[in-house]
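This briefing covers helix packing and pocket lining. Please look over the sequence and the model before reading on.

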Amino acid sequence: KRETDHLPARRVLALIYASRGDTSRLLGELESIAQRAPSDLDVKADLATAYGSVGKWDRASTTLEQIAAVRPTDLPLLMRIGDARRYHGDLDGALQWYQRSARLAPESSMPGFVIAQAQVDAGRYADAFRSYTSLQRFPADVGVAEHALGAIALLQHRGTGAAGYLRR
């Protein structure tokens, strides 16, 4: 209380609030630390997590985007931003971040699967079908992609098509 700018003390307070599960006080403390140390990316990451835990997905994605400006090649971070956008209800924004991560790691099927599942969850079955079809280029993931294609065919009431994919 006497030295409000003493960051080590504020970090200890944040740990205390986190251990007690006092999210509102933790959030306030992390915001105070972030104001006093704007270049501390670990605090920003913790702050984004705290925002997400209270359902403030818009603030979580904004905070994560600040980190991405410094770490543009951090694949899990880009995926996390997409997730935050998706939870906020911004599917198109989420897809943009997922596609950015797919461009960053073309050898990974993970971004493609996340894109396709987001499309399924939003009811965009035609887009999801195309996404899962393109994921068949990864030999290790062909079975999973075909299973998903079968599930989409079932959702579209195309039993014959579903049977063909699910048999494989």
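Which helix gives the most to the lining of the largest pocket? Helix H3 does, with six residues. This is a predicted model, in which local features need pLDDT of at least 70 and side-chain atom pairs count only at pLDDT 80 or more, while totals for chains, interfaces and linings use all residues. Residues are numbered from 1 along each chain as its sequence is written, and side-chain values use heavy atoms, with hydrogens and water left out.

**Largest pocket**

- The largest pocket holds about 220 Å³ of space.
- Among its 15 lining residues, Ala14, Leu15, Leu26, Leu30 and Asp46 are the closest to the centre.
- Two or more lining residues come from each of helix H1 (7–20), helix H2 (23–36) and helix H3 (41–53).
- The lining has eight nonpolar, three polar and four charged residues.
- Here Ala, Val, Leu, Ile, Met, Phe, Trp, Tyr, Cys and Pro count as nonpolar, Asp, Glu, Lys and Arg as charged, and the others, Gly among them, as polar.
- A pocket is an open set of points on a 1 Å grid over the protein atoms alone where a 1.4 Å probe fits, with protein on both sides within 12 Å along at least five of seven lines; lining residues have an atom within 4 Å of a point.

**H4 with H5**

- The axes of helix H4 (residues 57–70) and helix H5 (residues 75–88) come within 8 Å and cross at roughly 160 degrees (lines fitted to C-alpha atoms over the stretch in contact, with angles from 0 to 180 degrees between N-to-C directions).
- H4 is therefore roughly antiparallel to H5 (angles over 145 degrees count as roughly antiparallel, under 35 as roughly parallel).
- H4 passes H5 in a left-handed crossing (the near helix is turned anticlockwise from the far one by less than a right angle).
- On the H4 side, the residues in contact include Trp57, Leu64 and Ile67, and on the H5 side they include Leu77, Ile81 and Tyr87 (contact means heavy atoms within 4.5 Å).
- This contact divides into nine nonpolar, two polar and four charged residues.

**H9 with H10**

- Helix H9 (residues 142–155) packs on helix H10 (residues 159–167) at an angle of about 165 degrees, with the axes 8 Å apart.
- The two helices are therefore roughly antiparallel to each other, and their crossing is left-handed.
- H9 contributes Glu146, His147, Leu149, Gly150, Ala151, Ala153 and Leu154 to the contact, and H10 contributes Gly161, Ala162, Tyr165 and Leu166.
- By class, the contact of H9 with H10 has seven nonpolar, three polar and one charged residue.

**H5 with H7, and valine 114**

- The axes of H5 and helix H7 (residues 110–121) come within 11 Å and cross at roughly 5 degrees, which means that H5 is roughly parallel to H7.
- Leu75, Met79, Asp83 and Arg86 of H5 meet Met110, Pro111, Val114, Gln117, Ala118 and Asp121 of H7.
- Six nonpolar, one polar and three charged residues make up the contact of H5 with H7.
- Valine 114 lies in H7 and touches Met79, Asp83, Arg86 and Tyr98, not counting residues up to four places away in sequence.
- Between valine 114 and tyrosine 98 the C-alpha to C-alpha distance is 7.3 Å, with the two 16 residues apart in sequence.

Technical notes. Helix = DSSP H or I, 4+ residues; strand = E, 2+ residues; numbered from the N terminus. Parallel < 35°, antiparallel > 145°, perpendicular 65-115°, else oblique. Points joined across faces, edges and corners; volume = space filled by probe spheres on them.
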